[in-house]
Amino acid sequence: MSTIGLIGAGKIGSGLARMAIGAGHHVVLSNSRGPESLADLVAGLGERARAATPAQAALAGDLIVVSLPLYALQDVPAAELAGKVVIDTSNSFSRRWLTPRLPGKSRHPPWPARHSLCVARYR
């Protein structure tokens, strides 16, 4: 089976990892806090899961899922994604899903323009 690299291991990333493992795939999970912070999640997912840095997850995956808040897209390892299929589940909401956030912006253009502008800026 294939390996799926996940950049972002929050609700979406960890949920996709569980589903991918259930379908027989291997997953490489990453987040901004480092592989050590994913130890409990990886242990719970079993032998088909491992933790890595975002760059390592991008290199290891046959398919990459980026699942970050938009303000964190500048941290995506773009060079390591070259030539890869990337699925972007990024969203414009803060951790608490209450307030849309973009770096340095106090007012936001309407959705989907806000998302399109950020993705274009960081690709």
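Strands here are DSSP runs of E, at least two residues; helices are runs of H or I, at least four; both are numbered from the N terminus. Two strands count as paired if DSSP finds at least two bridges between them. Within this pair, Ile4 stands opposite Leu63 in β4.

A word on the source. This is a predicted model: local features need pLDDT of at least 70, side-chain atom pairs count only at pLDDT 80 or more, and totals for chains, interfaces and linings use all residues. Residues are numbered from 1 along each chain as its sequence is written, and side-chain values use heavy atoms, without hydrogens or water.

Now the whole sheet. It is open, with 5 strands in the order β3-β2-β1-β4-β5, paired in parallel. Which strands stand at the edges? β3 (49-51) and β5 (85-88); each has a single partner strand, so one side of each lacks a neighbour in the sheet.

On to helix α1, residues 11-22, where Ile12 lies. How exposed is Ile12? Partly, at a relative accessible area of 31%. Partly exposed means between buried, under 20%, and exposed, over 50%, with a 1.4 Å probe and protein chains only. Neighbours within four places in sequence aside, Ile12 is in contact with Ser67, Thr89 and Asn91. Contact means heavy atoms within 4.5 Å. Ser90 is 78 residues from Ile12 along the chain, and their C-alpha atoms are separated by 9.2 Å.
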